[in-house]
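These are my notebook entries on a structure that I looked through element by element.

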Amino acid sequence: MCLAVPGRVLDIEERDGTRMANVDFGGVVKEVCLEYLPDLQVGEYAIVHVGFALQRLDEESAKRTLELFATLGMLQEEFGDPWELAAETGGAAPTEVEDVIEEARK
């Protein structure tokens, strides 16, 4: 599944004529294109989809959404390493993943 996820701009730079930023998505930092939001500043939040910042978002809404996504496991699903997940679950089928994770916690 591909989500539009809120993230906080950590830094901005221009690369080859394109405005780019490192954006924090609840602990996961990814590179994002800011061309659709040319006035977005460091410290502000934006909704990001497939590597493009699409809309500015207020901090409270962004934090609530990130907390909800984290609770539902959607940040791991969106940004997690599929090879790491496969290793953790021993190649288990998706229906078995919760059982494997629960056993690992014991």
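**Entry 1: a loop residue.** I located Asp16 in the loop between S1 and S2; strands here are DSSP runs of E with at least two residues, helices are runs of H or I with at least four residues, and both are numbered from the N terminus. I worked from a predicted model, in which local features need pLDDT of at least 70, side-chain atom pairs count only at pLDDT 80 or more, and totals for chains, interfaces and linings use all residues. Residues are numbered from 1 along each chain as its sequence is written, and side-chain values use heavy atoms, with hydrogens and water left out.

I looked up the backbone of Asp16 and found a positive phi of about 55°, although Asp16 is not a glycine. Most residues other than glycine have a negative phi. Asp16 counts as exposed because its relative accessibility is 84%; exposed means over 50% relative accessible area, buried under 20%, and partly exposed in between, with a 1.4 Å probe and protein chains only.

Entry 2: I placed Val50 in the loop between strand S4 (45–49) and strand S5 (52–57). Val50 counts as exposed, since its relative accessibility is 56%.

**Entry 3: Arg19.** Which strand holds Arg19? I found Arg19 in strand S2 (residues 18–25). Arg19 is buried yet has no salt bridge, and the nearest side chain of opposite charge, Glu35, is 6.3 Å away. A salt bridge needs a side-chain nitrogen of Lys or Arg within 4 Å of a carboxyl oxygen of Asp or Glu.

I then checked what the side chain of Arg19 does meet. One of its polar atoms lies 2.7 Å from the backbone oxygen of Pro38, and the backbone oxygen of Leu37 lies 3.2 Å from a polar atom of this side chain. Leaving aside residues up to four places away in sequence, Arg19 touches several residues, among them Glu14, Leu34 and Glu35; contact means heavy atoms within 4.5 Å.

**Entry 4: Glu14.** I followed Glu14 back to strand S1 (residues 5–15). Glu14 is exposed, because its relative accessibility is 60%. Glu14 and Leu34 are 20 residues apart in sequence and 9.7 Å apart in space, C-alpha to C-alpha.

**Entry 5: the whole protein.** I noted four helices and five strands, in the order β-β-β-β-β-α-α-α-α along the sequence. Of the 106 residues, 28% count as buried.

How values were computed: Lys, Arg positive; Asp, Glu negative; His and termini not counted. Polar contact = N/O pair within 3.5 Å; in protein donor to acceptor, adjacent residues only side chain to side chain.
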